[in-house]
Amino acid sequence: MSRKSTRLEDLAQLAGVSISTASRALNDHPAVNDRTKQLIWKLAREHDYPFRRYMPAGPIGAEATIALVVPRPQGREGRLSDPFFLELLAGVGEAARERGCDLIMSHLAPATYEDVAAAMTTSRADGVIFLGQSTLHAAFNRLVETEARFVVWGAELPDQLYCSIGSDNINGGRRATLHLARLGRKRIVFLGDLDPPEAMQRHRGYLDALASAGLPVDPALIVDAHFEVESAEASVESLIRRGVDFDGVVCASDQIALGAVRALIHAGRTVPGDVSVIGFDNVPFSRYSSPALSTIAQDTMKAGRLMVSKLLDHGGDAAGRSERVPTDLIVRESCGG
């Protein structure tokens, strides 16, 4: 049979069930047993019946299905291969598996309120996790007025109405900077993109630490770099060419830290002898780089459990209480102590 000639009546006849049973099976109705559903779907696939819009969000037997949506990052191309994203994805995946849930990755990369609304209304999942806020804070605040089935990975902001799970970025930035100050570093660079909410909070922690250590804030030491090795390398090379004096670098991510180390070594500076460098994220490569990166660790396993729990245990209450995951200072070779 061709797709045009295959009718619901044909599927019912092939399966040996009534038309109403075939219809219910296609709609994943609980009154139809799993074996019959699978048979109907198999026949529909074999005979090109347009059944996919009827399919459930995930395989039979899952307690729930969670959709992952990754917003388009600010001012740069988003890559699913980003090391921290993969760590966060693993945290969500392990948490979902523990709860007997399936995960589906959406092809959407929302950039507007209409995009995030579409991600909710077109998803058959039981809940949606948005991995990142990007420029969508106002959109999420608006979305929570009509939708409750979502949670966001990201910073907690003053006027926030939706539930977010994220790391304690302020304390992480503070601890990184204070550690370098205690090592005797006086001219400490903050290297990172200040637009994303999480990086903005890490910068705030950096400023708090300088004040606590009695060190002045020098605008020349606050340097823009995207969350990419090449961008960070170029920014540090520019600092060196311009003759800016510095002896420490607090980086908004481990990828940025790796770029900083590369630029310093290429310029003949030693790390940590001449310049101490500390990253943020504790992604796997950080411990294997040379020198091994000191960093601020984010607990992605705990973050994953919290996000899944917010969706499953709190009725998908998107206006529920936001929570911060603690950060830890990991001291390795790149800061010298």
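Analyst: One term is needed at the start: contact means that heavy atoms lie within 4.5 Å. This is a predicted model, in which local features need pLDDT of at least 70 and side-chain atom pairs count only at pLDDT 80 or more, while totals for chains, interfaces and linings use all residues. Residues are numbered from 1 along each chain as its sequence is written, and side-chain values use heavy atoms, with hydrogens and water left out.

User: Which residues does Ser164 touch, not counting those up to four places away in sequence?

Analyst: Leaving out residues up to four places away in sequence, Ser164 touches Val152, Gly154, Ala155, Glu156, Ser322, Glu323 and Arg324. Ser164 is found in strand E5 (residues 164-167), where a strand is a DSSP run (E, at least two residues) and a helix is such a run of H or I with at least four, both numbered from the N terminus.

User: Why is Ser164 called buried?

Analyst: Buried means under 20% relative accessible area, exposed means over 50%, and partly exposed lies in between (1.4 Å probe, protein chains only). Ser164 has a relative accessible area of 0%, so it is called buried.

User: What makes the aromatic pair of Phe130 and Phe140 tilted?

Analyst: The structure holds six aromatic pairs, and in this one the rings are 5.0 Å centre to centre with 55 degrees between the planes. Rings of Phe, Tyr and Trp (its six-membered ring) pair if their centres lie within 6.5 Å, and planes under 30 degrees apart count as stacked, over 60 as edge-to-face and the rest as tilted. Phe130 is buried, at a relative accessible area of 0%, and Phe140 is buried with a value of 0%.

User: Why is the pair of Phe190 and Tyr206 tilted?

Analyst: Their ring centres are 5.4 Å apart and their planes stand at 50 degrees, so this pair is tilted. Phe190 lies in strand E6 (residues 188-191) and Tyr206 in helix H8 (residues 197-213), 16 residues apart, and both residues are buried.

User: What makes the charged end of Arg202 sit over the ring of Phe280?

Analyst: The rule asks that NZ of Lys or CZ of Arg be within 6 Å of the ring centre and within 35 degrees of the ring normal. The charged end of Arg202 sits over the ring of Phe280, 3.9 Å from its centre, and that of Arg269 sits over the ring of Phe246, 5.9 Å from its centre.
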